[in-house]
Amino acid sequence: MQRIALTALLLGLALCGCADDGAPPAAGSSPAANTPAAAGEPAAGEPAAGEPGAGGPGAGRSAAAEPAGIDPRPIHAGALTLDSHVDIPLDYATAAVDPLDAEEQVNLLKMVEGGLDAAFFIVYVGQTQRTPENYAQASADAQTKFDAIRRMTTELYPERITLAYRADDVERIAAEGRLVAAIGIENGYALGPELGELDRYYELGARYVTLVHNGHNDLADSAQPRAQLGDVAAEHGGISELGARAIRRMNELGIMVDISHASKQTALEATQLSAAPVIASHSSVRAVANHARNLDDETLLALRDNGGVVQIVAFEDYVKTEPPERAAAMRALEASLGLEPPVDPAALPEEQRFAFLRGVRDINAQWPPANVQDLVDHIDYAVELIGIDHVGISSDFGGGGGIIGWTDARETPNVTYELVARGYPEEEIRKVWSGNLLRVWREAERIAAEL
Ligand SMILES: [Zn+2]
């Protein structure tokens, strides 16, 4: 029990590199710390034999939502499942991080085991002070990640995974029995001070660009300004002239515009400025969990009117807001043991470690962490508000994502099973898993051909 709890906790902490979304690697707030024996579930990463993932079908399903005799397994197997946001480290596809079986939430073996057919691997660069040197570093880091994805698909595992350059490629590659990689760029900062890299990135396979990340950039305002970068609340009041030029060029090339991480004004302007439908590659619903990274109803409706899609994300903090009582209980637990956050349980003496993990378990019992049911609550809300044609799914694995029941790619079936349990027909599940995003991608291609 304790060993399993610790394994789960350590797994979760390891996941929380948090480069992407900047979630602190504190035990109390990572999906990890929430994992230990929260409800007597099998530990993440140790799926029961014969089950597609830890917890098996419906790990996060309520008793009230039992499906009416529908076997979800063929529905999952038959759907082309696409995760629109998977982060990779800078040393990806080197001896240190083997894409096949590295200790990451997504690797090629886990994709196969979980029936995850396709993923956008992310060329992410963090926002820094906008100096010429830092711009050059951002472009260099982006190049490093492009190179890594190319090595994975052309040198290391060409027989297992292929890079898709067009929406049609995704379906063709999957039909041929291989995994599908696609590329998204997270943070338009990587495009350079005058967008000089954009066309080249398209040639390298980039098919969406997240305009902005945490902290404003020269293209647009962020949902989360960063005081340490000198950010004011709104620098451009939405999208800058340079940002508008970037969107025009992306439309001409056939690169999807991504509004995740954008301020509300940025997002609304993007839906107006873009000639093609826009995406939110990894965001959830503000009305369900009030977080700056989530989209409010007005933004979701604008996304619908623009023909776009929101890829609901399995990121703990965005799926379920932490009640202040829970944070207080974590602080009290740490204080009672004389610990300073962030706590690394593995580094504690055994007695103290067990006391800490018992405390976390009790806290999780009182304030349960986000699970697959909570995730699908966001999907339900978005479908109700903007329709089944405008909703998709993402994990943000490798960037801080992961919730109970979907802690890594092996547990992907649990998401499908919850959708089945709630009565979504197979045709709708296929739309949510990839059909909608591929429609938007095709629209971007069609409009690029006309411009
Ligand atoms: Zn992100």
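Helix α14 (residues 372-386) packs against helix α15 (residues 413-421) at an angle of about 60°, with the two axes 10 Å apart. That angle makes α14 oblique to α15, a class left over once angles under 35 degrees (roughly parallel), over 145 (roughly antiparallel) and 65 to 115 (roughly perpendicular) are set aside. This is a predicted model, in which local features need pLDDT of at least 70 and side-chain atom pairs count only at pLDDT 80 or more, while totals for chains, interfaces and linings use all residues. Residues are numbered from 1 along each chain as its sequence is written.

**Helices α14 and α15**
- Val372, Gln373 and Val376 of α14 make the contact with Asn414, Val415, Glu418 and Leu419 of α15 (contact: C-beta atoms, placed from the backbone, within 7 Å).
- The contact of α14 with α15 has 4 nonpolar, 2 polar and 1 charged residues. Ala, Val, Leu, Ile, Met, Phe, Trp, Tyr, Cys and Pro count as nonpolar, Asp, Glu, Lys and Arg as charged, and the others, Gly among them, as polar.

**Helices α9 and α10**
- The axes of helix α9 (residues 264-273) and helix α10 (residues 297-305) cross at roughly 15° and come within 9 Å. Axes are lines fitted to C-alpha atoms, for helices over the stretch in contact, and angles run from 0 to 180 degrees between N-to-C directions.
- The angle makes α9 roughly parallel to α10.
- The crossing of α9 past α10 is left-handed.
- On α9, the contact is made by Lys264, Ala267, Leu268 and Thr271; on α10, by Thr299, Ala302 and Leu303.
- By class, the contact of α9 with α10 has 4 nonpolar, 2 polar and 1 charged residues.

**Strand β8**
- In β8 (residues 309-313), 5 of the 5 residues are buried, so the strand is largely enclosed by the rest of the structure. Buried means 20 or more other C-beta atoms within 10 Å of a residue's own; 12 or fewer means exposed, and in between partly exposed, with C-beta atoms placed from the backbone.
- Val309, Gln311 and Val313 point one way from β8, and Val310 and Ile312 the other way.
- Strand β7 (residues 279-280) pairs with β8 in the parallel sense over 2 bridges (pairing needs at least two DSSP bridges).
- Val310 in β8 is the bridge partner of Ala280.

**Whole protein**
- The protein has 16 helices and 9 strands. These are DSSP runs, numbered from the N terminus: helices are H or I, at least four residues, and strands are E, at least two.
- Of the 451 residues, 55% are buried.
- Among contacts with a separation of 6 or more, 74% join residues 24 or more positions apart.

Technical notes
Two residues are in contact if their C-beta atoms, placed from the backbone, lie within 7 Å. A crossing is left-handed if the near helix is turned anticlockwise from the far one by less than a right angle, and right-handed if clockwise.
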